[in-house]
Amino acid sequence: MTEKPTMIAFQDVHKYYGDYHALRGITATIRAGEFFSLLGPSGCGKTTLLRTIAGFEGISSGAVMIDERNMAGVPANQRPTNMVFQSYAIFPHLTVGENVGFGLRRAGLSKPELATRVGEALEMVGLKGYGDRAAHALSGGQRQRVALARALILKPKVLLLDEPLSALDKKMREQMQVELIRLQRQVGITFILVTHDQEEALVMSDRIAVMFEGEITQLADPETLYRRPNSRKVANFIGTMNFLPAMILAEGAGKIEVEAKGFGKLTLDAEQAPGGGQASAEGAAIGFRPETLTILFDGQTASDRETMAVIEEVVYFGDMTYYDVKLDGCDAPVRISMRNVFGRPVLDIGTRTRVAWSPGALVLFR
Ligand SMILES: Nc1ncnc2c1ncn2[C@@H]1O[C@H](COP(=O)(O)OP(=O)(O)OP(=O)(O)O)[C@@H](O)[C@H]1O
Ligand SMILES: [Mg+2]
């Protein structure tokens, strides 16, 4: 597969608000046609970074390039970008069609041309035939679609979306997520989504930049972020990660020998330590996701390694059961998630059980 060309390049971007250092050396590229997300906790600088692309926010140093052009001094209205905001900024006194066509009113299109473009944009967002409705009478989800149509009709190269779904209820949000993915594939333009919802980012994105305190901590595709987080911070922000204390015994030739509580001595590949070499004060730990351990029921054989554990807590979720178990030799419990299978019992607290695990699923944090 050939790599897509670069659409946005951040080159060591810093941003100060007075004394406050909001962006701390952002260097990253976003590819043309990519669905890209900026993910991180509140206040980490996601909106600020998005606004530097749109030109609503100047930068203190570094460069923002769009389509190989340095955007320094280029005002927002001359950039090939368009932004959809969290609060649907639509004009309530206009019709849906007038809202969608608003940005084109000075483009010198004839009435029929304008009507065609508005009709196309409404169809893209699933609002075909809504053009004459009063905008104020729409639901939250419909308003967000109008805001999307209004941005898309201008045919930007890059669509910037700042938490566009956060005001919607869960059902509506999930539906709009699927529609946004479909829409992005259909129009093929670069989408950059800001969200603090890790699930939303995982579901929607080709790649995700995880931000903390004005920096990008890891930039990768969803599977890599989930399977090989480069730090405890990223591991904890995306999904659930179990940690067990570990000691590094030796390393070299692409292998790392560790001794981990509960698992004993094992050899990991260097790629299982994606955070690189710097040691932390907390000491090393191995991490693993709850679904990478499996409780073995009577007669089942382990596909890889096996150890013993005692069940300390059981949380039943219908399709899943979470077991907090203490592996032999460990002081603290770890969480195992098991998909429930018809006819198989949910185990009780206090049960001693066999647990299967695999060294390949482990991640080493230093
Ligand atoms: N105009 C401003 N003046 C001073 N400080 C600002 C300004 N805008 C943002 N900040 C600060 O910069 C930091 C980053 O803000 P930003 O809005 O980019 O965060 P965010 O990641 O989008 O957060 P949220 O998820 O809450 O929207 C915050 O600490 C914020 O208080
Ligand atoms: Mg924000």
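Student: Before we start on this predicted model, what makes two residues count as touching?

Tutor: Contact means heavy atoms within 4.5 Å. With that cut-off, Thr81 touches Ile53, Ala54, Ile66, Pro156, Val158 and Leu160, leaving aside residues up to four places away in sequence.

Student: Where does Thr81 sit, and why is Thr81 called buried?

Tutor: Thr81 belongs to strand S6, which spans residues 81-84. Buried means under 20% relative accessible area. Thr81 has 12%, so Thr81 is buried.

Student: Why is Ser337 called buried?

Tutor: The relative accessible area of Ser337 is 9%, which is under 20%, so Ser337 is buried too. Ser337 is part of strand S18, residues 334-339. The contacts of Ser337, again not counting residues up to four places away in sequence, are Pro290, Glu291, Leu293, Met320, Thr321 and Tyr322.

Student: Let's turn to the sheets. What is the strand order in the open sheet of 5 strands?

Tutor: The order is S13-S12-S11-S14-S20, and the pairing is antiparallel. From one strand to the next, the twist averages 40°.

Student: What makes S13 and S20 edge strands?

Tutor: Strand S13 (264-269) and strand S20 (363-365) each have a single partner strand, so one side of each is left without a neighbour in the sheet.

Student: How do you know that S11 and S14 pair?

Tutor: Two strands pair if there are at least two bridges between them. Strand S11 (residues 242-252) and strand S14 (residues 285-288) have 4 bridges, so they count as paired, in the antiparallel sense.

Student: How many bridges link S14 and S20?

Tutor: There are 3, again in the antiparallel sense. Ile286 has Leu364 as its bridge partner in S20.

Student: Which way do the residues of S14 point?

Tutor: Ala285 and Gly287 point one way, Ile286 and Phe288 point the other way, and all of them are buried.

Student: What about the sheet with 4 strands?

Tutor: That open sheet runs S2-S1-S4-S5 with antiparallel pairing. S2 and strand S5 (69-70) are its edge strands, each pairing on one side only.

Student: Why do S4 and S5 count as paired?

Tutor: The threshold is at least two bridges, and 2 bridges join strand S4 (residues 61-66) to S5, so the pair qualifies. In one of these places, Ile66 has Arg69 of S5 as its bridge partner. Helix H1 packs on this sheet, touching strand S1 (6-17), S2 and S4, and the direction of H1 makes about 120° with that of S1.

Student: Which elements supply at least two residues of the shell around ligand 1?

Tutor: Strand S2 (20-31) and helix H1 (46-54) each do. H1 gives the largest share, 3 residues. The residues around ligand 1 include Tyr17, Tyr20, Ala22, Lys46, Thr47, Thr48 and Glu163.

Student: How do you know that Lys46 makes a polar contact with ligand 1?

Tutor: A polar contact is a pair of N or O atoms within 3.5 Å. A polar side-chain atom of Lys46 is 2.8 Å from an oxygen atom of ligand 1, so the pair qualifies. For the side chain of Thr47, an N or O atom lies 2.8 Å from an oxygen atom of ligand 1. Gly45 has a polar backbone atom 3.0 Å from a ligand 1 oxygen atom. On its own, ligand 1 has 640 Å² of accessible area, and the protein covers 58% of that.

Methods: Residues numbered from 1 in each chain as written. Chains lettered and ligands numbered in written order. Predicted model: local features only at pLDDT ≥ 70, side-chain atom pairs only at ≥ 80, totals over all residues. Heavy atoms only, no water. Buried < 20%, exposed > 50% of the residue type's maximum accessible area, 1.4 Å probe, protein only. Axes fitted to C-alpha atoms, helices over the stretch in contact; angles between N-to-C directions. Near = heavy atom within 4 Å. Polar contact = N/O pair within 3.5 Å; in protein donor to acceptor, adjacent residues only side chain to side chain. Areas by Shrake-Rupley, 256 points an atom, 1.4 Å probe, with all protein chains shown as cover.
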